[in-house]
Amino acid sequence: MREMIINGVRIRPGQSLNLEIAIARLPTHTLIDLPVFIRSAKLPGPSVLISGGVHGDEINGIVAVKQMLEDGLFVPIKGTLIFIPLVNVYGFLSNSRTFPDGRDLNRSFPGSNKGSLASQIAYILTHQIIPQIDYGIDFHTGGRMLSNFPQVRVDFRDKKGLRLAEAFGAHFTVNSPPIDKSFRKEAYKMKKHILVYEGGESMRLDDRVISEGIAGTRRMLTHLGMIDGEVSESRTMKLRESSWTRAKVSGIFTPNVSQGEEVRKGQVMARITDPYGQVKVPVKSSVNGFVIGINNQPVINAGDALIHIGKM
């Protein structure tokens, strides 16, 4: 098993190290670090990154990775685990998805060591972390008032990634080609395979989403032979494409379907009404599929995304 060097620190097989990679200072001159936790076994095996908080307001993922780390849930018998519970410290401090200048870290790769704050952190991940790993699971949630049913997103053309998603065993596995300048695409360019786990909504903790993310990580690491356990058969449902049903009018949005529910083409999934009882517009599904995301905002405008449908 090869040694790793991260931020100038050498990590040998069997070592457990906690690193702090300096990023920059707040306006108060408080130093901001990127904490990285490495747990390495003596026996050779894969190197896997488990990360959360690429978007600072996506708290479910931060708590899931934190729990794995603090409870020592996964002590590798082979290979190396790299935990980064909170990637976007700046967004976390301000309850924001983005950085103070509005930049999205997940659209800033490969980054620059002389660029914006988001670009500098992307540069650290690109040059210090991605080269050290074989696989990864990156925890995310939906947006503000947009809740996702637990799902893994992977490009179905990435056969290794798809096999990893099957092992993870989320209820749904959604075909999702990587987005330009994203963490996942930058890793894939280096022939690394990172899954994205989505569940819940930002700024809201969901125990079910957290526990399912941890359970899926356990299944994935067991499949890779990194931890002890029985390898289970895949139980995930593969959705080859997905689309949002959007509001045709503005008003008060009242859904009558639940996340994970199967819907049929033409089925009334919700209604939009005005505050005066004069307008009543049904929201119908245009396809057969499954509800994988719902807008929890009751007051909506024409064109807003309402219900996310995944299709087999």
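Where does Ser108 lie? I found Ser108 in the loop between α2 and α3.

**Ground rules.** I am working on a predicted model, where local features need pLDDT of at least 70, side-chain atom pairs count only at pLDDT 80 or more, and totals for chains, interfaces and linings use all residues. Residues are numbered from 1 along each chain as its sequence is written, and side-chain values use heavy atoms, with hydrogens and water left out.

**Ser108.** I looked up its cover. Ser108 has 14% relative accessibility and so counts as buried. Buried means under 20% relative accessible area, exposed over 50%, and partly exposed in between (1.4 Å probe, protein chains only). Next I listed contacts (heavy atoms within 4.5 Å). Neighbours within four places in sequence aside, Ser108 touches Ala118, Ser119, Ala122 and Lys181.

**Pro110.** I then moved to Pro110, in the loop between α2 (89-93) and α3 (117-129). Pro110 counts as partly exposed, at 36% relative accessibility. With neighbours within four places in sequence set aside, its contacts are Ala122, Tyr123, Thr126 and Glu186. I also checked Ser182, which is 72 residues from Pro110 along the chain. Their C-alpha atoms are separated by 8.2 Å.

**Helix α1.** I went back to residues 59-70, the twelve residues of α1. From first C-alpha to last, α1 reaches 16 Å, close to the 16 Å expected at 1.5 Å a residue. The expected span is 1.5 Å times one less than the number of residues. Among the buried ones I noted Ile59, Asn60, Gly61, Met68 and Leu69. Just after α1, I found Gly72 with a positive phi of about 55°.

**Whole protein.** I counted six helices and 19 strands. Both are DSSP runs numbered from the N terminus: helices are H or I, at least four residues, and strands are E, at least two. The radius of gyration is 20 Å, close to the 20 Å that the globule rule gives for 312 residues, so the protein is as compact as a globular protein of that length. That radius is taken over C-alpha atoms, and the rule is 2.2 Å times the number of residues to the power 0.38. The C-alpha trace spans about 70 × 50 × 35 Å along its principal axes. Of the 312 residues, 52% count as buried.
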